[in-house]
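Please read the points below with the structure open beside them. They take the ligand surroundings and then the domain arrangement.

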Amino acid sequence: MQLKGKTAVVTGSTSGIGLGIALRLAHAGANLILNGFGDVDEAVAQVAAHGVKVGHHPADVSDVTHIADLFAYAEREFGGVDILVNNAGIQHVAAVEDFPVERWDAIIAINLSAVFHTTRLALPGMRERGWGRIVNIASVHGQVGSVGKAAYVAAKHGVIGLTKVVGLETATSNVTCNAICPGWVLTPLVQKQIDARIAGGTDPQQARQDLLAEKQPSLSFVTPDHLGELVLFLCSEAGSQVRGAAWNVDGGWLAQ
Ligand code: NAD
């Protein structure tokens, strides 16, 4: 129960990686503010099963006024935010010349600008209370490109840059800021890309194998549990001198 008494906000925590991280933090005793769309009740019930205080805030993180409202709610109902996990993210795959402008704007708003807004709103309270952890779920695509992912790759490179600056600006304090760079994790976001291969005539098992074989040498998916454990480490005393890092959990993707 190393995080008992702390409050964590995990954006985009109603499914996939965010829910996995929220469950791990709750298991370690943290109170949780969930965020995101879809099956909210199911996500809240899973986290509440750990016996911690749980809330859900419906902020659309592409809207700065919603993010301000999320932080006002956290202050009012939980007494502030000690752990901020910026996880909400979306994807769209298309060549640059065909990339819908509206999708570019949405990806930059959700995957990058939201991280700036949550961070600037979380930092004063963390500094005041003398402890804080900011973990940004970036991607291998924060360090290398892939065809068709212009907006996502640009946003994730931006997140790693922002992480370095916040890591430096908090370097002499008990607040740390780091990024985690997952390779393929089998979540709804990636399932859509597998479905596109299936729609092109590949059978489902083969589509998953092909996706892994192209990029991920382990030929196995990273899991939300793997990422949740790393978040816990970054929240621990042993993780307190990891600052401004971009930590790969990618089955060897970036070693190539
Ligand atoms: P997912 O689609 O399963 O979950 C995304 C979550 O974000 C959901 O809870 C959704 O409701 C929420 N969300 C989407 N738009 C939102 C908005 N405007 N406001 C608030 N919440 C919103 O995706 P995932 O694969 O779990 O991705 C989570 C993060 O991990 C993303 O930042 C993604 O870029 C990153 N990531 C994923 C992979 C992967 O292989 N799945 C790899 C590297 C990085």
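Which residues come nearest to the ligand?

1. Of the 30 residues around the ligand, those that come nearest are Thr14, Asn87, Tyr152, Val185 and Thr187, where a residue counts as near if one of its heavy atoms lies within 4 Å of the molecule. This is a predicted model, in which local features need pLDDT of at least 70 and side-chain atom pairs count only at pLDDT 80 or more, while totals for chains, interfaces and linings use all residues. Residues are numbered from 1 along each chain as its sequence is written, and side-chain values use heavy atoms, with hydrogens and water left out.

2. A polar side-chain atom of Thr14 lies 2.7 Å from an oxygen atom of the ligand, and a backbone N or O atom of Asn87 also lies 2.7 Å from a ligand oxygen atom. For Lys156, a side-chain N or O atom is 2.9 Å from an oxygen atom of the ligand. The ligand taken alone exposes 840 Å², and the protein buries 93% of that (Shrake-Rupley method, 1.4 Å probe).

3. An automatic or database assignment divides the protein chain into domain 1 (7-183 + 222-255) and domain 2 (186-221). Their contact (heavy atoms within 4.5 Å) takes 17 residues from domain 1 and eleven residues from domain 2.

4. Between domain 1 and domain 2 the count of salt bridges is zero, a salt bridge being a side-chain nitrogen of Lys or Arg within 4 Å of a carboxyl oxygen of Asp or Glu. On the side of domain 1 that touches domain 2, the residues divide into four nonpolar, eleven polar and two charged, with Gly counted among the polar ones.

Key
A polar contact is a pair of N or O atoms within 3.5 Å; within protein, one must be able to donate a hydrogen and the other to accept it, and residues adjacent in sequence count only if both atoms are side-chain atoms.
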